[in-house]
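Hi there,

Here is the structure I promised to pass on. Please open it alongside this note, and then read on for what turned up.

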Amino acid sequence: MDAMKLAMEERDYAMQARCLASLGDIHRSRKDVEKAHSKYEASWSQAGEIGDHVCQLYILMGLIKIFMSSREFEKANEAAARGLEVGSGIGSKIHVLRCHWFLYQLYMNSEERTLSQDHAKKFDGLLRELQLYCGVCHDVIGKQKDNVYVMECCHIYHSKCVENSAFRSKGCPNCKISSGLFSKPFSV
Ligand SMILES: [Zn+2]
Ligand SMILES: [Zn+2]
């Protein structure tokens, strides 16, 4: 909150936008969807004005998670498509990866197999390219033919590491916020 006050006094719009987005996240984690929405919205227009696309991606990820959990799949789809656009525009591969993941899930859900497979393939290729490290065994993901788990928070681990370790019940070892798994093992 102090950071927000300082940003207001200094007319630091970039900082204001990011503070508002984090406030949105805080409300989202408290399941106060209405407040989360209003903070994200305020942040979105600030970020838009100064062209802070990274902040916009951050907001979109939060919105997708809200829409997924309230089962507003059409809105989630819209936000993910927008995220793909913004992420590709600034070359943020990690956000593009996440959006492909969300779109894969959403199209699976609506039984649009071709579209879902299309996003699965793109997720696959990008995951290999990014050479992400697994937070449990610290080995590269996608080096061999691995099965991976994508957590609700978007962190990705080998499925063998998820299954072997105790964090299944404790949630993601990286951010500790999310519990439960978002997906079945996904083969890369
Ligand atoms: Zn691992
Ligand atoms: Zn996480």
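Helices here are DSSP runs of H or I with at least four residues, strands are runs of E with at least two, and both are numbered from the N terminus. Lys31 has this positive phi although it is not a glycine, and its place is the loop between α2 and α3. Lys31 counts as exposed because 9 other C-beta atoms lie within 10 Å. For burial, a residue is buried if 20 or more other C-beta atoms lie within 10 Å of its own, exposed if 12 or fewer, and partly exposed in between, with C-beta atoms placed from the backbone.

Before going further, some housekeeping. This is a predicted model, in which local features need pLDDT of at least 70 and side-chain atom pairs count only at pLDDT 80 or more, while totals for chains, interfaces and linings use all residues. Residues are numbered from 1 along each chain as its sequence is written, and chains are lettered from A and ligands numbered from 1 in the order in which they are written.

**The chain as a whole**

The chain holds 9 helices and 3 strands, which follow one another along the sequence as α-α-α-α-α-α-α-β-β-α-α-β. Of its 188 residues, 37% count as buried. Taking contacts between residues at least 6 apart in sequence, 47% join residues at least 24 apart; two residues are in contact if their C-beta atoms, placed from the backbone, lie within 7 Å.

α2 has 17 residues and spans 24 Å from its first C-alpha to its last, close to the 24 Å expected at 1.5 Å a residue. That expected span is 1.5 Å times one less than the number of residues. Its buried residues are Gln16, Ala17, Arg18, Cys19, Leu20, Ala21, Gly24, His27 and Arg28, and they pack against α1 (2–9), α3 (33–50) and α4.

How do α2 and α4 sit together? The axes of α2 (residues 13–29) and α4 (residues 53–69) come within 10 Å and cross at roughly 15 degrees, which means that α2 is roughly parallel to α4. Axes are lines fitted to C-alpha atoms, for helices over the stretch in contact, and angles run from 0 to 180 degrees between N-to-C directions. Angles under 35 degrees count as roughly parallel, over 145 as roughly antiparallel, 65 to 115 as roughly perpendicular and the rest as oblique.

α2 passes α4 in a left-handed crossing (the near helix is turned anticlockwise from the far one by less than a right angle; clockwise would be right-handed). On the α2 side, Ala17, Arg18, Ala21, Gly24, Asp25 and Arg28 meet Cys55, Tyr58, Ile59, Gly62, Lys65 and Ile66 of α4. The residues of this contact divide into 6 nonpolar, 2 polar and 4 charged. Here Ala, Val, Leu, Ile, Met, Phe, Trp, Tyr, Cys and Pro count as nonpolar, Asp, Glu, Lys and Arg as charged, and the others, Gly among them, as polar.

**α3 against α4**

α3 and α4 pack at an angle of about 155 degrees, with their axes 9 Å apart, so α3 is roughly antiparallel to α4. Their crossing is left-handed. Val33, Ala36, Tyr40, Ser43, Trp44, Ala47 and Gly48 of α3 make the contact with Cys55, Gln56, Ile59, Gly62, Leu63 and Ile66 of α4. Those residues divide into 9 nonpolar, 4 polar and no charged.

**Helix α6**

α6 (residues 93–109) is mostly covered, with 13 of its 17 residues buried. Just after α6, Glu111 takes a positive phi of about 60 degrees.

**Two residues between α7 and β1**

Gln131 lies in the loop between α7 and β1. Its phi is near 50 degrees, a positive value in a residue other than glycine, and Gln131 counts as exposed because it has 10 C-beta neighbours inside 10 Å.

Cys134 is found in the loop between α7 (113–130) and β1 (147–150). Cys134 counts as buried because it has 21 C-beta neighbours inside 10 Å. Leaving out residues up to four places away in sequence, Cys134 touches Asp139, Ile141, Tyr157, His158 and Cys161.

Happy browsing!
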